[in-house]
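Subject: Structure handover

Hello,

Please find the structure below. My notes on it follow.

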Amino acid sequence: MKTRASDLAILGGQPTFAQPLHVGQLNLPDWPRFQQAFEELFRRRWFTNHGPLVRQLEQRLAEFLDVRHVVCMTNGTLALMVALQALDLRGRVIAPAFTFPATVQALTWAGLEPLFCDVDEKRHVITADLARPLIEDGVSAILGVHLWGRPCDPEALADLAQRHGLALLFDAAHAFGCAHNGRLIGGLGRVEIFSFHATKVLNAAEGGCATTDDDEMAARLRTVRNFHNQETFARVGARINAKMSEAQAAMALLSLEDYPRNAQANQRALDAYAHGLAGLPGLELLDPNLPQAHNRQFVVLDVDAQQAGLSRDELTAALEAENVLARRYFMPGIHRSPPYNRLYPHFVEGLPVTDRLSARLMQLPSGQAVAEHDIATVCALTRTILEHAPQVSRRLRAYQAKGCERP
Ligand code: T4K
């Protein structure tokens, strides 16, 4: 265990981990089940276009989420693009800038403009109070993001949307298995979308879905998802190929079976971080204990630079030198990223909370590939880095003076 400053890799020591520890928390099914699923797929010779596995997945997900309709798609971004098209939106959409770029990219591809809304400092999501002042002519919808699986003010947003005749939808890419008021997220707003990317708790390699309790919306989603005239359920403006393949569905079905085990493992990892980081000044782990169901897929740390003695960027750089690849999610806010900073320059200085959170939050490695003793080591390293904060900070500033962000 490293205790001396000179042991730290950022100050000249050897990296603690020979292999990088990633934040990508891949949940893999065991190999024999995966092999069997793919052997069956090869035998059946039916690989896409709403095959039996996609239909089975849609049914199982609808049961799991307790929602009337699940429409599986190629990935979460396309699910969002399809949802925006199915809602037949025009003009501007109120959305956070504190999110993954895909949320806003989907708006752009649907020909819509983002109207960036700042987020709540404690919950990191948009709220009705923050969205209300943005409502003006030309706004057609509110797109909330349940960031880190935290539900974003659904009732108050629904009320606001209804009063102003706006559509309400949610990007629930992080929120599979997370509950709001005792019900799993999936039936909020007119439509919600999920991501089944490899790094998500439900892993289809790539994949996603849209969910709704609204029969007409489901028909529209299914129509937009497929370019084929024979698959027409509703009149829509434009269509696209967003179909999920059978290979993706095979993977997702296995991952869904494993979900309880994976969520429990995530909770154990979070507990290990909470234990290992307890008492460290300036570090706050998000939601270590939650009363309601949650996937616990993101281990998010809030770094108060003044109290910790090191900024979030300095801490991630020092950990990276040890081969601990923590991520600075989400940085910068989308309002500061191209092309949005160029297209909508008036937002660049207009989202103070988003800017503050973008500078403070980091995601820590977790998931199947990160053992509990690895987490204990990451926590001990963090402790040592903080204990030697002035030297670490000086060293990083010296690198920066040479024009490098990190060693
Ligand atoms: N809305 C929100 C709020 C989202 O967060 C996302 C996606 C979407 C919409 C769109 O959903 P999708 O269209 O993706 O279904 C990753 C994921 O690619 C992305 O799905 C996710 N959010 C985002 C939060 O994280 P990157 O580009 O930052 O991470 P990436 O791909 O570099 O992976 C992270 C780490 O995981 C890497 O350091 C290595 C490890 N990894 C990754 C992959 C893909 C592996 O070990 N194995 C792998 O196969 O976006």
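Trp148 counts as buried because it has 23 C-beta neighbours inside 10 Å. The cut-offs: a residue is buried if 20 or more other C-beta atoms lie within 10 Å of its own, exposed if 12 or fewer, and partly exposed in between, with C-beta atoms placed from the backbone. Before going on, note that this is a predicted model: local features need pLDDT of at least 70, side-chain atom pairs count only at pLDDT 80 or more, and totals for chains, interfaces and linings use all residues. Residues are numbered from 1 along each chain as its sequence is written.

Trp148 lies in the loop between strand E4 (139-145) and helix H6 (154-163). Helices (H or I, at least four residues) and strands (E, at least two) are DSSP runs, numbered from the N terminus. Phi of Trp148 is near 55 degrees, which is positive in a residue other than glycine.

Asn49 also has a positive phi without being glycine, near 60 degrees. Asn49 sits in the loop between helix H1 (31-44) and helix H2 (52-65). Asn49 is partly exposed, because 13 other C-beta atoms lie within 10 Å.

UniProt, in an unreviewed entry, lists Lys200 under "active site". UniProt positions are given in the numbering used here, feature names are shortened, and annotations may be inferred rather than shown by experiment.

Where is Lys200 placed? Its place is in the loop between strand E8 (191-195) and strand E9 (208-212). Lys200 has 24 C-beta neighbours inside 10 Å, so it counts as buried. Leaving out residues up to four places away in sequence, Lys200 touches Phe176, Ser195 and Gln297. Here, two residues are in contact if their C-beta atoms, placed from the backbone, lie within 7 Å.

Now the ligand. There are 21 residues around it, and Gly24, Gly76, Phe100, Ser195 and His197 come nearest. Helix H3 (76-86) and helix H4 (101-109) are the elements that give two or more residues to this shell. A residue is near a molecule if its C-beta atom, placed from the backbone, lies within 6 Å of it. By class, the shell around the ligand has eight nonpolar, twelve polar and one charged residues. Ala, Val, Leu, Ile, Met, Phe, Trp, Tyr, Cys and Pro count as nonpolar, Asp, Glu, Lys and Arg as charged, and the others, Gly among them, as polar.

**The whole chain**

The protein chain has 14 helices and twelve strands. Its C-alpha trace spans about 70 × 55 × 40 Å along the principal axes. The radius of gyration of the protein chain is 22 Å, which agrees with the value near 22 Å for a compact globule of 407 residues. That radius is taken over C-alpha atoms, and the globule rule is 2.2 Å times the number of residues to the power 0.38.

Of the 407 residues, 48% count as buried. Take the contacts between residues at least 6 apart in sequence: 71% join residues at least 24 apart.

**Two domains**

The protein chain is divided into domain 1 (31-255) and domain 2 (259-401). These bounds come from an automatic or database domain assignment. The C-alpha centres of the two domains lie 27 Å apart. How many residues of domain 1 are in contact with domain 2? There are 24, and they meet 24 residues of domain 2. On the domain 1 side, H4 and strand E3 (113-117) each supply at least two of the touching residues. By class, that side has 15 nonpolar, six polar and three charged residues.

**Helix H7**

Helix H7 (residues 215-225) is mostly covered, with eight of its eleven residues buried. The buried residues in H7 are Met217, Ala218, Arg220, Leu221, Arg222, Thr223, Val224 and Arg225. They pack against strand E1 (69-73), H3, E8 and E9.

**Two cis bonds**

The peptide bond from Met331 to Pro332 is cis, with omega near -10 degrees. Pro332 has its place in the loop between helix H10 (312-321) and helix H11 (340-343). The bond from Pro338 to Pro339 is cis as well, with omega near 0 degrees. Pro339 is likewise in the loop between H10 and H11.

Best wishes
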